[in-house]
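Here are a few notes to read alongside the structure. Have a look at it first, then work through the points below.

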Amino acid sequence: MRFFVLLFLIFSTAAPAVIEAPYLEGNFEQNPSHINWKHIETEHFDIIFPEEVVEDAKRVAHLLEKAYPFVTRSLEVKPPKIPLILQNQSVMSNGFVTLAPRRSEWYMTPSIDPELTNTEWMKTLSIHEFRHIVQFQKTRQHFNKVYEFFLGEIGQALGLALTLPPWFLEGDAVGMETALTKGGRGRLPLFDRDLRTILLSGKEWNYDKSHLGSYEDYIPNHYVYGYFYTSWLRNEYGDLFLSRLADTSSKDSWNPLTFYNTVKDETGKSFETFYE
């Protein structure tokens, strides 16, 4: 019994340091108390929203249910119903999926970032953020069930962080928003401009520097690298290959290097060779 208590305390203390923002995220500002909240329940979503945006909420419900079979197909998992909160009391343009409690929140003010304005805002969120929900569900298997058994949704987040690197999560979601709309960041020269410039300049650095960043050189973020990593894997090994990577990686998620070992096992190439 003492062992399990000790294990719980260690994971509870270490989890915030290990689990990055996309897994445990939230805006803790309060909404005005006078908001009259409504909800629309569909087969796969419980959409919660202020009364004055009811028409937008209906459109979101339609978009999500329409996208459901396409966004879930290539990861071969169908998430259970999840609450989605539409926020309209902010000029923030963002969306996130989080745990403890499990939910998604979207900020409805459209983005003015040129990377995000070539697709209608609600449509982008319907695909990109829903893909994260699918990714979360995909890793709820194998050894990750041990984390979840002892730590609940915090353990689920820990298992996710140990199974798939951040570039996989964001790159895969960017790939989905590009494949399933007429826009998406993957179609924009602006999105890969910095990476192309670096390659044309002849600069070379290893994966650790590309992944972790640098105080010496400008490094594109994990959305950019992740989009090209995951797209290359799909093109080279088939559309369901990312699903297989997640399945195998979650079996040994007690090992922080499980993903990189899985890439080697599944492709026959070391991760360094894949990166090159």
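**Notes on the sheet and the aromatic pairs**

Before you start: this is a predicted model, with local features needing pLDDT of at least 70, side-chain atom pairs counting only at pLDDT 80 or more, and totals for chains, interfaces and linings using all residues. Residues are numbered from 1 along each chain as its sequence is written, and side-chain values use heavy atoms, with hydrogens and water left out.

1. Start with the sheet. It is open, has 5 strands in the order β1-β2-β3-β5-β4, and its pairing is mixed. Strands here are DSSP runs (E, at least two residues), as are helices (H or I, at least four), numbered from the N terminus; two strands pair if DSSP finds at least two bridges between them. At the edges sit β1 and β4 (95–98), each pairing on one side only.

2. Neighbouring strands of this sheet are turned by 20 degrees against each other on average, direction ignored. The axes behind such angles are lines fitted to C-alpha atoms, for helices over the stretch in contact, and angles run from 0 to 180 degrees between N-to-C directions.

3. Now the β1 end. Look for E41 opposite D46 in β2.

4. At the β4 end, β4 and β5 (residues 103–107) run antiparallel and are joined by 4 bridges. F96 has E105 in β5 as its bridge partner.

5. What lies across the sheet strands? Helix α2 (residues 54–73) lies across β1, β2, β3 (82–87) and β5, at about 160 degrees to β2.

6. On to the rings: the whole structure has 26 aromatic pairs. Rings of Phe, Tyr and Trp (its six-membered ring) pair if their centres lie within 6.5 Å; planes under 30 degrees apart count as stacked, over 60 as edge-to-face and the rest as tilted. W167 and F259 have ring centres 5.5 Å apart and planes at 80 degrees, so they are edge-to-face. This pair links distant parts of the chain, with W167 in α5 (residues 166–179) and F259 in α10 (residues 258–267), 92 residues apart.

7. F259 also pairs edge-to-face with Y260, at 5.7 Å centre to centre and 90 degrees between the planes.

8. Leaving out residues up to four places away in sequence, F259 touches (heavy atoms within 4.5 Å) several residues, including L164, F168 and L245.
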